[in-house]
Amino acid sequence: MLFAKKRLIILLILVNCLLVCWLAGLIWFGLYIGDLPVDREKNTDAIVVLTGGRHRITEGINLLNQKRAPILFISGVLHNITIGDLEQKLSIYANDESQIVLGYKATNTIENASEIAEWIKQNDIKSVRLVTSNYHIPRSIAELEAYHLPIQIVIHPVYSEYVKKNWWKHWGSFKLIATEYNKFLFVTIRNLFH
């Protein structure tokens, strides 16, 4: 009986330690993504946009129009959607539509990374500007790094007005950040064993 109680106490201590570590990591993650720098001046070989969040595609097209790269690759576009459809829906127009490539294979971040890695290899790209939501940057980088591509990644976080700066006070923002942190942890741990 005494042995069972000791095991239970040890188990509770371990669970509490894991919970404290997870919470500390979540706080670090939230602070990190809340203040990511945006380098608007550096030019790269390509701009890559991961679809799924507000303003990502608009920001990618703006960067292309500003000549931050000669080509824009948008990963995760729905089938049958054209560049013209995107421009019309977002009320933004590219100076040269021939500089935009649409990727239709990806439906999630893992597939985004695969689609982008394949495109980078085919086009001998050495540097990319990665455009995605600020909370999505760490996991997107981790997914791309799993392919061991010899590229320089310039992060370009997009901030949404719907994700609150003080995310811990708003359930929707807290849930989004915590979920993304858990996914980032999973990818990081997975990458350690590959």
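How much space lies in the largest pocket? In this predicted model, the largest pocket holds about 360 Å³ of space. Residues are numbered from 1 along each chain as its sequence is written, and the model being predicted, local features need pLDDT of at least 70, side-chain atom pairs count only at pLDDT 80 or more, and totals for chains, interfaces and linings use all residues. Side-chain values use heavy atoms, with hydrogens and water left out.

Rolling a probe the size of a water molecule over the atoms shows where empty space is left. A pocket is an open set of points on a 1 Å grid over the protein atoms alone, where a 1.4 Å probe fits, with protein on both sides within 12 Å along at least five of seven lines; its lining residues have an atom within 4 Å of a point. The volume is the space filled by probe spheres set on the points, which are joined across faces, edges and corners.

Lining the largest pocket are 16 residues, of which Thr 51, Ile 57, Leu 86, Lys 89 and Leu 90 are the closest to its centre. Helix H2 (56-65) and helix H3 each give two or more residues to this lining, and H3 gives the most, with 4 residues. Helices (H or I, at least four residues) and strands (E, at least two) are DSSP runs numbered from the N terminus.

H3 (residues 83-90) also belongs to a right-handed β-α-β unit with strands E2 and E3. Right-handed here means that, with the strands pointing away from the viewer, the path from the first strand over the helix to the second runs clockwise. E2 (residues 72-75) and E3 (residues 100-103) pair in the parallel sense over 4 bridges, where pairing requires that DSSP finds at least two bridges. Within this pair, Phe 73 of E2 stands opposite Val 101 in E3.

Asp 124, between helix H4 (109-122) and strand E4 (127-133), has a positive phi near 55° and is exposed, at 53% relative accessible area.

His 148, in the loop between helix H5 (137-145) and strand E5 (152-158), has a positive phi of about 50° although it is not a glycine, and is exposed at 66%.

How values were computed:
Buried < 20%, exposed > 50% of the residue type's maximum accessible area, 1.4 Å probe, protein only.
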